[in-house]
Amino acid sequence: MTFRKYLILAAVAIFAACGDFCLARGMRQLGPVALSNWQRLFTVVFSPWILTGVCLLMLFFSTYLSSLSWADLTYVLPATALSYVLMALLGKLFLHENVTASRWLGIALITIGVGFVASGRSLTSGYANLANHKTVLSSGGKE
Amino acid sequence: MTYLATWGGIAAIVTTATAGDVLQSRAMKEIGDLGVIRKLHGIGEVLRRVLSSPRFMFGLLFMALTFFCLMATLSWADLSIVGPASASLTFIANAFAARILLKEHVDQRRWLAALFVFGGVVLLAR
């Protein structure tokens with residue numbers, strides 16, 4: 001694992017948390033949408049918070065796909081679970097949500113889980129050899 | 001009936017989310033390291049390879065199905081049950097699916113990580 005790859009994993013977690021935070025902030029400004037008034041949902045595209053959230057979630061998806069191209073699914077999912085922790089912290093700091101003792105315990109468990117998986121190997125899949133072989137072929141043996 | 005419908009909905013969310021993740025992961029492994037491809041051939045080639053992958057498209061389809069299953073389940077069940085149950089069970093289902101379908105080596109360290117994150121998500125979403 002190179003430093004660049006750790007940065008991409010961190011970006012997955014940060015983009016996911018910040019994207020969801022912006023969506024939550026935008027939807028709070030918009031207020032509750034009743035089923036009888038579903039057309040109001042179209043007005044969300046004019047909210048700067050929602051637009052920023054959608055852009056951040058697109059960045060999340062591209063970094064998530066990039067990480068899956070060089071790491072196992074069972075590595076990427078726990079390693080990027082810090083997004084749940086970031087979401088709780090953003091909710092507490094900026095949306096003034098209540099973070100109870102059980103939530104702090106949950107944050108601790110996720111952090112321990114991330115520590116476990118991040119210190120291990122990132123790629124074990126049998127399909128990895130196929131991917132590396134294809135990449136080398138397409139680069140003409142330069143990689 | 002409500003109990004069955006709630007857990008049936010959660011099962012549908014977990015199944016479609018896991019299928020989506022597994023298909024995306026397999027598609028990306030077949031395409032190769034996106035960072036290397038971008039460096040060698042540019043971002044256009046990355047987009048061409050990703051968007052022309054049938055597995056990637058099926059993965060997207062399953063992600064859309066997950067969204068609809070979530071919306072449908074939330075119409076008859078509480079978010080406080082559906083959210084944590086589906087998020088945490090998807091971690092465990094992914095570990096099994098990755099071991100069986102993607103031939104990943106899910107060792108003790110990864111099982112422990114999945115279990116810690118499972119417990120953490122349950123507590124965090126309460």
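Okay, let me start with chain B: of its contacts with a separation of 6 or more, 77% come from residues 24 or more positions apart. A contact here is two residues whose C-beta atoms, placed from the backbone, lie within 7 Å. Before I go on, this is a predicted model, so local features need pLDDT of at least 70 and side-chain atom pairs count only at pLDDT 80 or more, while totals for chains, interfaces and linings use all residues. On labels, residues are numbered from 1 along each chain as its sequence is written, and chains are lettered from A and ligands numbered from 1 in the order in which they are written.

So, chain B. You get 6 helices and 0 strands, and from the N terminus the order is α-α-α-α-α-α. Those elements are DSSP runs, numbered from the N terminus, with helices being H or I of at least four residues and strands being E of at least two. The C-alpha trace of chain B spans about 55 × 35 × 25 Å along its principal axes. Of the 126 residues in chain B, 48% are buried. Buried means 20 or more other C-beta atoms within 10 Å of the residue's own, exposed means 12 or fewer, and partly exposed is in between, again with C-beta atoms placed from the backbone.

Let's look at how the helices of chain B pack. Take α1, residues 2-31, and α4, residues 54-74: their axes come within 8 Å and cross at roughly 160°. The axes are lines fitted to C-alpha atoms, for helices over the stretch in contact, and the angles run from 0 to 180 degrees between N-to-C directions. α1(B) and α4(B) are therefore roughly antiparallel. The cut-offs there: under 35 degrees is roughly parallel, over 145 roughly antiparallel, 65 to 115 roughly perpendicular, and the rest oblique. By class, that contact between α1(B) and α4(B) has 15 nonpolar, 7 polar and 3 charged residues. For the classes, Ala, Val, Leu, Ile, Met, Phe, Trp, Tyr, Cys and Pro are nonpolar, Asp, Glu, Lys and Arg are charged, and the others, Gly among them, are polar.

Next pair, still in chain B: α5, residues 79-101, and α6, residues 108-124, have axes that come within 8 Å and cross at roughly 175°. That makes α5(B) roughly antiparallel to α6(B). Who makes the contact? From α5(B) it's B:P84, B:A87, B:S88, B:F91, B:I92 and B:A95, and from α6(B) it's B:R110, B:W111, B:A114, B:V117, B:F118, B:V121 and B:V122. Sorted by class, the contact of α5(B) with α6(B) has 11 nonpolar, 1 polar and 1 charged residues.

Now click on the loop between α5 and α6 of chain B, where you'll find B:L102. B:L102 is buried, with 22 other C-beta atoms within 10 Å. B:L102 and B:V22 are 80 residues apart in sequence, and their C-alphas are 7.4 Å apart in space. B:K103 sits in that loop between α5 and α6 too. B:K103 is partly exposed, with 13 other C-beta atoms within 10 Å.

Over to chain A. This one comes to 6 helices and 0 strands as well. Of its 143 residues, 36% count as buried. In the loop between α4 and α5 of chain A there's A:E97, which is partly exposed, with 15 C-beta neighbours inside 10 Å. Not counting residues up to four places away in sequence, A:E97 touches A:G91 and A:K92.

What about the two chains together? The contact takes 37 residues from chain A and 39 from chain B. On the chain A side, the elements giving two or more residues are α2 (48-68), α3 (73-79), α4 (82-94), α5 (101-118) and α6 (127-138). The largest share of that side, 11 residues, comes from α5(A). By class, the chain A side has 20 nonpolar, 13 polar and 4 charged residues.

Last stop, the largest nonpolar core, which has 71 residues. A nonpolar core is a set of buried Ala, Val, Leu, Ile, Met, Phe, Trp, Tyr and Cys residues joined through C-beta atoms within 7 Å. Which residues have the most contacts inside it? That's A:V12, A:Y84, A:I110 and B:V117. Leaving aside neighbours within four places in sequence, A:Y84 is in contact with A:I110, B:V121 and B:L124.
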